[in-house]
Amino acid sequence: MDRAAAELLSPDRAAAEGAALGQLACELPSGGLLITASRLVEFGARAAILLAPGLFRLDLTPREETLGLYPRALCDWEVEWRAGEDSWDGYRDPKGPGPIELLGLFDVPDGPLRAWIHVLSFTERDALATHFVAKCEITWTSAPS
Amino acid sequence: MFRTSFRSPEDDREALLDAILPLLPSGVHEDGDRLVTFSGAPFSRAVLDLLEDWAVDEVPADWKSRRTGEGVVIGGRVCIRSPFDPPPAEGIVDVVVERRGSAFGSGSHPTTQMCVALLLELSPDGGAADLGCGVGTLAIVAAKLGWAPVVGVDRVPVAIEVGRENVARNGVAVQLEVADLAVEPLPLAPLLLVNAPPPVQERVIASMTGEVRHVIVSGIVADEVPAVVAGYKGVGFDVAQALGTEDEWIALRLSC
């Protein structure tokens, strides 16, 4: 694994570049990167929730009954995004907040990287805002070459 | 608190967002070809100089509670909004009103909106008086539509205080005064705007003169309509148009 590829999973870099967002990062015990953040976002605002330097940024726009998801690739590699069907209606589930799950696959030359994103949302209607708690696990799908 | 807006052409927006969103935890609001962000401290001049066509407005810390809603466009011709909502499309009369405390007339209530809808059916023809004017919304709309001179009265001092600020904000000539419509003389004009409960309507009817040609009435519910209409008919007015809402608010345009 070359230095550039290793930088993609650097907790220090993720914490530093996401510092303004209050983002935290650490190495996963089994290898890989974990980043987490929480944020109160006003209805209608587009805000960055997670930032994986060199890979992607996840922006969210909460509205009263819908949620805008903007996974933004920050790399030139081919990227595939998938959303778990079970989580599509999680944002407006009347029984309580359901998690939103996204899976991103990055075709990095050293081997595909997998980003699993999990977002919990709590809408505060009086504040016209939604509180998000998000985490992302970024791991190699196979041992890097 | 500071509201900073700047131009961001849509075809170049994602690149700009890549640069600024990691620095703005509260995110940005997209407003046509502009982006808007709110911050507790103003951006430094060095940052502003990196932005295109920027503008910074200081907004009160409680600006959210002073919003009137999302702004409303009535009849496709008049927009009533708070200073914290984006302006309407070109060609729509832009009425910017702020409320404070319990002062009425922000434009969010259906009776205010119905009164504006009925007002739009008339061609400006002289002066107008807004009786129970609240923060001056209907008086300002009338002035912007071409009625002159326009006066407004309300018994709530804070409403008149805010109303005068709204008049200045909209750049119109409207005279607002504190007056108790139950006991003090009513200002009359060819057009009366009376978004007020039945006792005020009775007072207007009792004060009617030949100078008045149209009365736009609201602030009444369905059960109160027969008595109010009978009163105005007694002084020579007929119902020319009526509007209502599902929750029984009624608005009438009476003319003679």
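How many helices and strands are there in chain A? Chain A has 2 helices and 9 strands, where helices (H or I, at least four residues) and strands (E, at least two) are DSSP runs numbered from the N terminus. Reading from that end, the elements go α-α-β-β-β-β-β-β-β-β-β. Before going on, a word on what you're looking at: this is a predicted model, in which local features need pLDDT of at least 70 and side-chain atom pairs count only at pLDDT 80 or more, while totals for chains, interfaces and linings use all residues. Residues are numbered from 1 along each chain as its sequence is written, and chains are lettered from A and ligands numbered from 1 in the order in which they are written.

Let's stay with chain A. Of its 145 residues, 32% are buried, meaning that 20 or more other C-beta atoms lie within 10 Å of the residue's own; 12 or fewer makes a residue exposed, anything in between makes it partly exposed, and the C-beta atoms are placed from the backbone. Take the contacts in chain A with a separation of 6 or more: 45% of them come from residues 24 or more positions apart. Here a contact needs two C-beta atoms, placed from the backbone, within 7 Å.

Now for the sheet. Six strands is the count: an open sheet of 6 strands in chain A has the order β1-β2-β9-β8-β7-β6, with antiparallel pairing. Two strands pair if DSSP finds at least two bridges between them. At the edges of this sheet stand β1 (24–27) and β6 (79–83) of chain A, each with a single partner strand, so one side of each is left without a neighbour in the sheet. From one strand to the next, the twist averages 15 degrees. Further in, β8 (residues 113–124) and β9 (residues 129–140) of chain A run antiparallel and are joined by 12 bridges. Look for Leu120(A), which stands opposite Val133(A) in β9(A).

Where does chain A meet chain B? The contact takes 16 residues from chain A and 10 residues from chain B. On the chain B side, strand β2 (residues 28–31) gives the most, with 3 residues. Strand β3 (residues 45–52) of chain A pairs with β2(B) in the antiparallel sense over 2 bridges, and Ala45(A) has His29(B) as its bridge partner there.

Over in chain B, strand β1 (residues 2–7) pairs antiparallel with β3 (residues 34–39) over 6 bridges, with Phe2(B) opposite Ser39(B). β1(B) also runs antiparallel to β4 (residues 52–58) of chain B, to which 5 bridges join it.

Finally, pick out helix α7 (residues 225–234) of chain B. Its buried residues are Val228(B), Val229(B) and Tyr232(B). They cover an arc of only 95 degrees around the axis, which puts them on the same side of α7(B); the arc is that of the directions from the helix axis to the C-beta atoms. On the other side, Pro226(B), Ala227(B), Ala230(B) and Gly234(B) are exposed. The cover over the buried residues of α7(B) includes α6 (198–207), β12 (214–221), β13 (238–244) and β14 (249–255) of chain B. After α7(B) comes Gly236(B), with a positive phi near 95 degrees.

Definitions and conventions:
Axes fitted to C-alpha atoms, helices over the stretch in contact; angles between N-to-C directions.
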